[in-house]
Amino acid sequence: MSSDNPLSPSRTLSSEELIEVLQEELQETNQGLLALALELENARDHYQGIFDNAFDGIYQATLDGSYTMVNHSVARILGLESSRMVVEEINNIGRDVYGDEARYNFLLKELQVHGFVLDFKSRIEQRDGSPRWISENVRLLTDEAGNPSGFQGVMRDITGEREAEDQLRLMSKVFQHGIEGILITDTQNRILQVNHAFTYITGYQPEEVLGKTPAILSAGYHESDFYTEMWKTIASKGYWQGEVLDRRKSGELYTEALTITEVRNSDGEVTNYIGIFTDISDRKATELQMHRLAYYDLLTDLPNRRMFHDRMEQELHRARRENRSCGVIFIDLDNFKFINDSYGHRTGDDVLKVVAERFQEVLRESDTVARLGGDEFTVLVPDITSLRSLDITTGRLSDCLKSPISVGEHEFVIGASIGLSVFPDDAEDGETLLKNADAAMYRAKSQGRGNIEYFTPELNIHARERVEFEMSLRYAIERTEFIVHYQPQFDLQSGELIGAEALVRWNHPVNGLLYPDRFIAIAEESGLIDRIGNWVLEESCRQGREWHDQGMEHLMVGVNISPRQFATGDLLNTVRDALRRSGLQPQNLELEITESVMMENPVQATEVLCQLRELGVCVSIDDFGTGFSSLSYLKRLPVTRLKIDRQFVCELNTDHEDRAIVASVVDLARHLGLGVIAEGVETEEQSDLLQQLGCFEAQGYLFSKPITSREFGERFIDSHSETA
């Protein structure tokens, strides 16, 4: 049997046949090798593509940190345009591209010890200086002899992750160290996490509240409807803001400003609630105090003029709607000025307190008694069915003053002149109603005091008398019947004279020396206050310059500015002219303006005061604490000094509330960079307490009553000139 195989051993091939067979075999082998080479090239291209296009940076480097092979991602991470730039420029750039010396040394040491480094995080800088964070896995390379020859690594840009971690750490610090209390709850309102401020405000440690609801803080003050509306708002708006009264662990109540916000996931589902709250108890107490300052008389704790007008307008509105009547009673104490002048303002204030208490005791709960100022009181009597009922009320008011009033070692019997007017018979509006009651009171006083008078049309005679008084006031300006008295101001520590407050008096040709309370109100109503105020300003500046020429260059002259002067809009020119004509330096003039004037139009007040301060004039807030100051505006006003009203000084040694108010004013002035001075200081004890509270400037009867310029010069200026 023969075989077709030319190489079969049973057959002998010729040399030509053998060569032909071998050529065929070689051709097949070459084709196989070519296919293998092509396959290897495809594999190389495949893996090169993987290497070049890998998201992570892949590199190989020598032991000195020079790259020998890198992919495109390494170039991207290092901030270079191509992998070729990494390899070509690395020797010139050095390890500053790869990392700092300490980092390289750490890598090399770890590789030599362990042969690899896993998840090594470090900070590098790109070619343009931009910082990047990378994470690397690196292994050591060795040669055939087993000696280290370089290293290979994979790096990943983790800058975004690092920034997210930093942001989380920052948010964690904000959460834990913020001044607002924060709690996070789940959808069942169970507390999951609280911060340090939560513990500080509530007194509860985290372990005491975790897993519980915020109801643990409830003071039981709010009704269930309150919380129902709260959650309705959260569901509709995604948040709620408001004030809540809660209870600390100690049992103490506190008011918080609370914001509750929903937290939703990417699907829009609510996952948590965040509550952020601030303890505003101190602020609420301040607001309450400011409310009392605005609506209550600090001496008697009765409603003041502002509250009385508010209640009167409310009652008139109701009376019109229900076709009812109401009455206003105007009360002026008789001979009270004698008590003030003879026994001092402190005694007079004590008398007013007793009078206020007696009035409250005899009036109905529905009646409103208020102190308008000085020794003037008003009473609003609603629901009058007849004049007889009003007579009964006025009789009680008059009778309650008949028994002596004991103040210290003294006893006083005080009567009152009372005037009445009735709505709607005597007036249709509150202002006229009060004015008519005032007119009736003046009529009662003119009849010999201790009388009661109803308003009648015949009281127009009294109105004519007021007109005559106004005419006398006009003549007084033309005849220069006004004089200025000066009350000295002292530094309590050094005893040095630092200033003088100018106070106007009317030297009436018939009635003698009249104090401002007798004519200023009429001057303001008639518009004459501008001329009087301008004259006082001119005279005070002239006198101040005269004292300065006598060696008192530091002396400050204080002049009170009336509301009308301030509102006319020409105060700046008036002050500038007075300074120019007198030669007084602007820094030696202090304008005293009441806080109520500034609060009527804070924007205009700020503009005018800024102009005055640019002129160089000092500005103080007079009777600070007796009006309604807005602290947000106060800090913007360019004032230089606060003047503590005498109401807070007179009982400084016995009334803790007055002491707290004075301390607060002093502290407020210090934080705002303002000076502070107290008026009405009558005793050494008051002076000592003021210094303890940080108030070192004062004026009052302890040092001197207001005196003429001649007396002032003889007592304070001449002695200074002799010792100078």
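## A walk through the model

Start by selecting P424, which sits in the loop between β16 (416-423) and α15 (430-446); helices here are DSSP runs of H or I with at least four residues, strands are E runs of at least two, and both are numbered from the N terminus.

Before going on, a word on what you're looking at. This is a predicted model, so local features need pLDDT of at least 70 and side-chain atom pairs count only at pLDDT 80 or more, while totals for chains, interfaces and linings use all residues. Residues are numbered from 1 along each chain as its sequence is written, and side-chain values use heavy atoms, with hydrogens and water left out.

Now colour by pLDDT, the predictor's confidence in each residue from 0 to 100. The chain averages 85, and 88% of its residues reach 70 or more. Select 95-99 and you'll find pLDDT below 50, though this stretch still has 18 contacts (heavy atoms within 4.5 Å) in the model beyond near neighbours in sequence.

Next stop, two loop residues. N323 lies between α11 (305-322) and β11 (326-333), and its phi is positive, about 55 degrees, although it is not a glycine. Is N323 buried or exposed? It counts as exposed because its relative accessible area is 74%; the cut-offs are under 20% for buried, over 50% for exposed and partly exposed in between, with a 1.4 Å probe and protein chains only.

Then jump to T480, in the loop between α16 (460-478) and β18 (482-491). T480 also is a non-glycine with a positive phi of about 55 degrees, but at 48% relative accessible area it is partly exposed.

Go to V270 in strand β10 (residues 270-279). V270 is partly exposed, at 23% relative accessibility. Leaving out residues up to four places away in sequence, V270 touches T187, E262, V263 and R264. T187 is 83 residues away along the chain, yet the two C-alpha atoms are 7.0 Å apart.

Finish with helices α18 (529-549) and α20 (571-582), whose axes come within 9 Å and cross at roughly 35 degrees. Those axes are lines fitted to C-alpha atoms over the stretch in contact, with angles from 0 to 180 degrees between N-to-C directions. Show side chains: on α18, pick out N534, L537, E538, C541, R542 and R545, which meet T574, V575, A578, L579, R581 and S582 of α20. The contact residues divide into five nonpolar, three polar and four charged.

Key. Nonpolar A, V, L, I, M, F, W, Y, C, P; charged D, E, K, R; others polar.
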